[in-house]
Amino acid sequence: MCTLKRFDKSCKIISNREVCTGYFELKVKADDVSKYCSPGQFFMISIANVFLRRPLSVHDVKRDTVSFLYGVVGKGTKILSEMGRTSKSVFSRGGGCNEIKILGPLGRGYNLTPGVSSMFFPQASLSLSKKWSAGIKDISFNPVIVAGGTGIASVYFLAAKLKKKGILYYGSRSKKDLLCLDKFKRIGWKVVVSTEDGSEGYKGYITDMLSKNLKDGDVLFACGPTPMLKKVLQIAKEKSLKGFVSLEEKMACGIGNCQGCAVKINGKSKMVCKDGPIFGIEGLEL
Ligand SMILES: Cc1cc2nc3c(=O)[nH]c(=O)nc-3n(C[C@H](O)[C@H](O)[C@H](O)COP(=O)(O)OP(=O)(O)OC[C@H]3O[C@@H](n4cnc5c(N)ncnc54)[C@H](O)[C@@H]3O)c2cc1C
Ligand code: FES
């Protein structure tokens, strides 16, 4: 039986720290919420003085804490970056708020079942969350994560939960935009990096590195900008590999009501917030 558990509640902000220029990690005390989070799922975050909530992926879960990793790109994330701080200068815009309202976990996460390597199940069930919380041990494939930009935010939780270590292919604009590399290394993952300006690792797109190194038995988990995802789909098709992509669309409600995040997948209309954000790549066209 599928038991969906979703919370809409105020949580205490434990910290909201700038991890490197323009990127923040928000940690909230979420008690009961944390055990229902699966990798790939997201929350809609209420931001002071901003009308619509903003979607952010679950970056990590530790006991009663849920973390989000985000880049400051516009008004919402700018104000979010000032929440949970005490400086008077930002108080009127959200600084000084020590609580934050979160709605979730939302969407369908990565659908992996132990021992099953071709993996599509109706999911987000309580039982699956429990399996995720224990970590996925029995996998017969080689996990390969492909991340671009802030796409790295959602895949760290996945890597941490997979007991089999894999390779992270991670591309960003520049060295200063590379996040979490140490975290991936600490949990035993190999890391291959590219930057568009050549300031770290290979100069160019990460998909160039990916296409050279894949082998049979690799399963791809990709999260990042649409051009990167299109290239990953093309590579997966050429090499007959399985995997998943995480899609991002502008979201107003996050729960399937407003149709704002509709995409065409294999000729059918799907809601990224409800049917995704994780989609299997078999037969997928973007
Ligand atoms: C499922 C999902 C998970 C996400 N997870 C993360 C994450 O973990 N870390 C992270 O840095 N970013 C993530 N994003 C992108 C993040 O939601 C946007 O960067 C953020 O909403 C921008 O808000 P803003 O007010 O600062 O920018 P503005 O551009 O001012 O936002 C205006 C509107 O556009 C929407 N919007 C803008 N960019 C995006 C986008 N790329 N995707 C969806 N809506 C957008 C906002 O919700 C808002 O309604 C995620 C997006 C989705 C859909
Ligand atoms: S965001 Fe409203 S339907 Fe997806």
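The model is predicted, so local features are given only at pLDDT of at least 70 and side-chain atom pairs count only at pLDDT 80 or more, while totals for chains, interfaces and linings use all residues. Residues are numbered from 1 along each chain as its sequence is written, and chains are lettered from A and ligands numbered from 1 in the order in which they are written.

The chain has seven helices and 16 strands. Helices (H or I, at least four residues) and strands (E, at least two) are DSSP runs, numbered from the N terminus. The chain holds 286 residues, and 44% of them are buried. A residue is buried if 20 or more other C-beta atoms lie within 10 Å of its own, exposed if 12 or fewer, and partly exposed in between; C-beta atoms are placed from the backbone. Contacts were also counted. Two residues are in contact if their C-beta atoms, placed from the backbone, lie within 7 Å. Among contacts between residues at least 6 apart in sequence, 60% join residues at least 24 apart.

Ligand 1 is surrounded by 23 residues. A residue counts as near the ligand if its C-beta atom, placed from the backbone, lies within 6 Å of it. The closest are Tyr-70, Gly-74, Gly-76, Thr-77 and Ala-153. Four elements each supply at least two residues of this shell: strand S4 (54-57), strand S6 (65-71), helix H1 (75-80) and helix H3 (152-161). By type, the shell divides into 11 nonpolar, seven polar and five charged residues. Here Ala, Val, Leu, Ile, Met, Phe, Trp, Tyr, Cys and Pro count as nonpolar, Asp, Glu, Lys and Arg as charged, and the others, Gly among them, as polar. Ligand 1 lies between domain 1 (7-106) and domain 2 (126-280), because both give residues to its shell. The domain bounds come from an automatic or database domain assignment.

Helix H6 covers residues 226-238. The expected span of a helix is 1.5 Å times one less than its number of residues. For the 13 residues of H6 this gives 18 Å, and the end C-alpha atoms are 18 Å apart, which agrees. Met-228, Leu-229, Lys-231, Val-232 and Ala-236 of H6 are buried. They cover an arc of only 160 degrees around the axis, which puts them on the same side of H6. The arc is that of the directions from the helix axis to the C-beta atoms. An α-helix has 3.6 residues a turn, so residues three or four places apart point the same way. On the other side of H6, Pro-227 and Glu-238 are exposed. The cover over the buried residues of H6 includes strand S8 (142-148), helix H5 (206-213), strand S12 (218-223) and strand S13 (242-246). Just after H6, Ser-240 takes a positive phi of about 50 degrees.

Helix H5 buries Ile-206, Thr-207 and Leu-210. Seen down the axis of H5, these residues fall within an arc of 90 degrees, so they line one face of the helix. Their cover includes S8, strand S9 (167-172), strand S10 (190-195) and H6.

Two glutamates were examined one at a time. Glu-99 is in strand S7 (residues 99-106). Glu-99 counts as partly exposed because it has 14 C-beta neighbours inside 10 Å. Leaving out residues up to four places away in sequence, Glu-99 touches Ser-10, Cys-11, Lys-12 and Ile-13. Its C-alpha atom is 8.4 Å from that of Met-83, 16 residues apart along the chain. Glu-249 sits in the loop between S13 and strand S14 (262-265). Glu-249 is partly exposed, with 15 other C-beta atoms within 10 Å. The C-alpha atoms of Glu-249 and Pro-277 are separated by 8.8 Å.

Pro-277 also takes part in a cis peptide bond, with Gly-276, where omega is about 10 degrees. Pro-277 is in the loop between helix H7 (272-275) and strand S16 (278-280). Another cis peptide bond joins Gly-104 and Pro-105, with omega about 0 degrees. Pro-105 belongs to strand S7.
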